[in-house]
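Subject: Structure for your review

Hello,

Please find the structure below. My notes on it follow.

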Amino acid sequence: MDNWCFVHLYTTRQCQCCCTTTTTQEEDQELQQEETRTYNSTKIHVMASRYSKNISPIIYIFVFFLFSVCPVLSSLEQFNQTFNPSDDMKIIKSHLMKINKPSIKTIKSPDGDLIDCVLSHQQPAFDHPQLKGQKPLELAERPRSSGHNINSMEFENFQLWSMSGETCPEGTIPVRRTKEQDILRASSIRRFGRKIKRPVRRDTTSNGHEHAVGYVTGDQYYGAKASINVWAPKVTNQYEFSLSQMWVISGSFGDDLNTIEAGWQVSPELYGDNYPRFFTYWTSDAYQATGCYNLLCSGFVQTNNRIAIGAAISPTSSYNGGQYDISIMIWKDPKHGHWWLEFGSGVLVGYWPSFLFTHLRGSASMIQFGGEIVNSRGNGFHTSTQMGSGHFAGEGFGKASYFRNLQVVDWDNSLIPLSNLKVLADHPNCYDIQGGINRVWGNYFYYGGPGRNQRCS
């Protein structure tokens, strides 16, 4: 499946709060942070069957190795860390000048974001020594599809900032502007926009991260694709998060881990609100010194002038109501070796240059899909931060969150169905997962949960 909503799709979207306009620099200072979003829903009629999977203990440890590397600016170690304004404001302003590139146009979003239209060759990626003086590539060899995909309406405006039809001009890319308060929420200026490295541990009880994932391993993978159901899960405090994403992984689960990641996340610390946002991440050394979210460092090269990485997604799914999903594909272009990101049906977002990586200069050894939360155990209890829809997998379509049409890219640059999908929830009383396969959805799974409940304390 290539697009957002599929099979019998009916849409009556009426945006009542999408007043997107351009501003001057003086007006930017007066923008408000909060406005109401409203959207109508779609209905998708699909019946899905489920089946359970057996999990190898060895694979369980292998999967956990990735997750114990603490994926996000988080949580338990950061509650009491603050900046000293007198010492740090000059450094913050200098950092803002580095990542906020000059723009030729600025667009105001209803959620308070400022979207700067930056000349594509001046985006943060081209601060990298190996990219200086270059321009973005324009084309990639897209994988061939060997399966039957049911196409449907293409949702071009899936983010709040663009719903009025206001876009960035050709030759520019939309960049979410970083503000002082964004950096002040982080544990340090140096770690802003980056994930925090922690020691790899074999236990699943002490690192605060909980997961419900489907995965494949044991082969060489050159990419993957999935449609990801989008919700707005409740996150109980600033130092927790909830995300749903795809991981492309290579290397050992030590200091040489390479990953490419994309999906949606709710992260009050990173973004200052509770909107689900389209995001990317990469690292080539297990989150130690390389990589960052979105465009917050040199690395990912954006080529698209209509998608703002880090911007809020709209509309979102509702319980017993309309269901919305986004289709994401990551694959290795066989001609240049770069890893490309595609949204929807053939919409290229950009690419991670191959020189950023060590192991991923070749192929990936594991693909993972699923949800993750941080559990800070405030007041000694399990968090009530939701994963996915906040409901368990057994509730099924319209209630539980899902991934569908899971595929991988093989050595011949062909999209093929998964052959051996495993599913794993490391705290099933809090968040669980159920896999299945059928003619319409191919390989899929439901996942998620409410967090704290009678069986999860």
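I start with a proline. P315 sits in the loop between β12 (301-302) and β13 (325-332); strands here (E, at least two residues) and helices (H or I, at least four) are DSSP runs, numbered from the N terminus. The peptide bond between S314 and P315 is cis, with omega about 0 degrees.

Before going on, the conventions. This is a predicted model, in which local features need pLDDT of at least 70 and side-chain atom pairs count only at pLDDT 80 or more, while totals for chains, interfaces and linings use all residues. Residues are numbered from 1 along each chain as its sequence is written, and side-chain values use heavy atoms, with hydrogens and water left out.

N320 is not a glycine, yet its phi is positive, about 60 degrees. Its relative accessibility is 58%, so N320 counts as exposed (exposed is over 50% relative accessible area, buried under 20%, partly exposed in between, with a 1.4 Å probe and protein chains only).

The loop between β16 and β17 (401-409) contains S376. N379 is also placed in the loop between β16 and β17. Is S376 buried or exposed? S376 counts as buried because its relative accessibility is 9%. Its side chain makes a polar contact of 3.2 Å with that of N237 and one of 2.5 Å with that of E240. A polar contact is a pair of N or O atoms within 3.5 Å; within protein, one must be able to donate a hydrogen and the other to accept it, and residues adjacent in sequence count only if both atoms are side-chain atoms. N379, at 78% relative accessibility, counts as exposed. N379 also has a positive phi, near 60 degrees, and is a residue other than glycine.

Overall, the protein has five helices and 21 strands. Of its 457 residues, 60% are buried. Among contacts (heavy atoms within 4.5 Å) between residues at least 6 apart in sequence, 79% join residues at least 24 apart. The accessible surface is about 17700 Å², and carbon and sulfur atoms account for 50% of that surface; areas come from the Shrake-Rupley method with a 1.4 Å probe.

An open sheet is built from six strands in the order β11-β10-β9-β16-β7-β19, with antiparallel pairing (two strands pair if DSSP finds at least two bridges between them). β11 (277-283) and β19 (422-425) are the edge strands, each with a single partner, so one side of each has no neighbour in the sheet. From one strand to the next the twist averages 15 degrees. β10 (residues 258-266) pairs with β11 in the antiparallel sense through seven bridges, and W264 has F278 in β11 as its bridge partner.

Elsewhere, β3 (residues 105-108) and β4 (residues 114-119) run antiparallel and are joined by four bridges. I107 is bridged to I115 in β4. β3 and β4 make a hairpin with five residues between them, and G112 in the turn has a positive phi of about 100 degrees.

Last, the cores. A nonpolar core is a set of buried Ala, Val, Leu, Ile, Met, Phe, Trp, Tyr and Cys residues joined through side-chain atoms within 4.5 Å. The largest has 95 residues, of which I326, W352 and F369 touch the most other members. β16 (residues 364-374) contributes the most to this core, with six residues. A second, separate core has seven residues, among them C117, W161, A308 and A311.

Regards

Note on methods: Axes are lines fitted to C-alpha atoms, for helices over the stretch in contact, and angles run from 0 to 180 degrees between N-to-C directions.
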